[in-house]
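I opened a new model today and kept notes as I went. Here is what I looked up.

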Amino acid sequence: MSSPSQLAKRFREVILDGLWIANTNFKDQLSSVTWEQATMKVGSLNTIAMLTFHIDYYIAGLVNVFEGGDLEIRDQFSFDLPAIESAEQWEKLLNKLWNDSEKFAELLEKMPDSKMNEVFVDEKYGTYLRNIDGMIEHSYYHLGQITLIKKLLADQ
């Protein structure tokens, strides 16, 4: 299995279908969350909806680069979630995450191994491998937050 294929498998594990590292994934954790729960604040923590938007924002940004576009995402906008006021809006956000994630994994699988050590957009960002690994690690970090916020909401 090539490096891109292994990375795509790891990425799918955290977002779509895996149990290996955290015994859960985004799809598993978010499937039972209502839009009301997703937008409910717990103290000063980000909401589940904000974290969902945040992860998708970065995934979609990398997809754009993988497809030959520019790196258009900016950290300062990564939590700019439009208001979610219905189940339909929450489902739309979730479906965007699932679709962008699958597209990310598919594009990654098609990359040659040699691409992993190439500069990602600009030398200050490191290599493709560093950014892909970072996306996986970043996803696990926020998956942990979502899992804890769900538990806090259940205790309210």
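**Ground rules.** I am working with a predicted model, where local features need pLDDT of at least 70, side-chain atom pairs count only at pLDDT 80 or more, and totals for chains, interfaces and linings use all residues. Residues are numbered from 1 along each chain as its sequence is written, and side-chain values use heavy atoms, with hydrogens and water left out.

**Entry 1: helix α1.** I began with α1, residues 3–17. Helices here are DSSP runs of H or I, at least four residues, numbered from the N terminus. I looked for a bend and found one of about 25° at Phe11. The bend is the angle between axes fitted to the seven residues ending there and the seven starting there.

Next I asked which residues of α1 are buried. I noted Pro4, Leu7, Ala8, Phe11, Arg12, Glu13, Val14, Ile15 and Leu16. Buried means under 20% relative accessible area, exposed means over 50%, and partly exposed is in between (1.4 Å probe, protein chains only). The cover over these buried residues includes α2 (26–30), α4 (48–66), α5 (87–109) and α6.

**Entry 2: α1 against α6.** Two packed helices are described by the angle between their axes and the distance between the axes. Axes are lines fitted to C-alpha atoms, for helices over the stretch in contact, and angles run from 0 to 180 degrees between N-to-C directions. For α1 and α6 (residues 128–154) I read about 15° and 9 Å. That makes α1 roughly parallel to α6. Under 35 degrees counts as roughly parallel, over 145 as roughly antiparallel, 65 to 115 as roughly perpendicular and the rest as oblique.

I then listed the contact, meaning heavy atoms within 4.5 Å. On the α1 side, Leu7, Arg10 and Phe11 are among the residues involved. On the α6 side, I noted Ile132, Met135 and Tyr140 among others. By class I counted 10 nonpolar, 1 polar and 3 charged residues. Ala, Val, Leu, Ile, Met, Phe, Trp, Tyr, Cys and Pro count as nonpolar, Asp, Glu, Lys and Arg as charged, and the others, Gly among them, as polar.

**Entry 3: α1 against α5.** Here the angle is about 165°, with the axes 8 Å apart. That makes α1 roughly antiparallel to α5. The α1 residues that meet α5 include Pro4, Ala8 and Ile15. Their α5 partners include Trp98, Phe104 and Leu108. This contact divides into 11 nonpolar, 2 polar and 4 charged residues.

**Entry 4: single residues.** Is Asp56 buried or exposed? I found Asp56 buried, at a relative accessible area of 3%. Asp56 sits in α4. Beyond residues up to four places away in sequence, Asp56 touches Lys96, Leu97 and Asp100.

I moved on to Lys150 in α6. Lys150 is partly exposed, with a relative accessible area of 22%. Leaving aside neighbours within four places, Lys150 is in contact with Gln29, Ser32, Val33 and Ile48.

**Entry 5: positive phi.** Asn23 has a positive phi of about 60°, although Asn23 is not a glycine. I located Asn23 in the loop between α1 and α2. Asn23 counts as exposed, at 59% relative accessibility. Val121 is not a glycine either, and has a positive phi of about 65°. I found Val121 in the loop between α5 and α6. Val121 is partly exposed, at 47%.

How values were computed:
Helix = DSSP H or I, 4+ residues; strand = E, 2+ residues; numbered from the N terminus.
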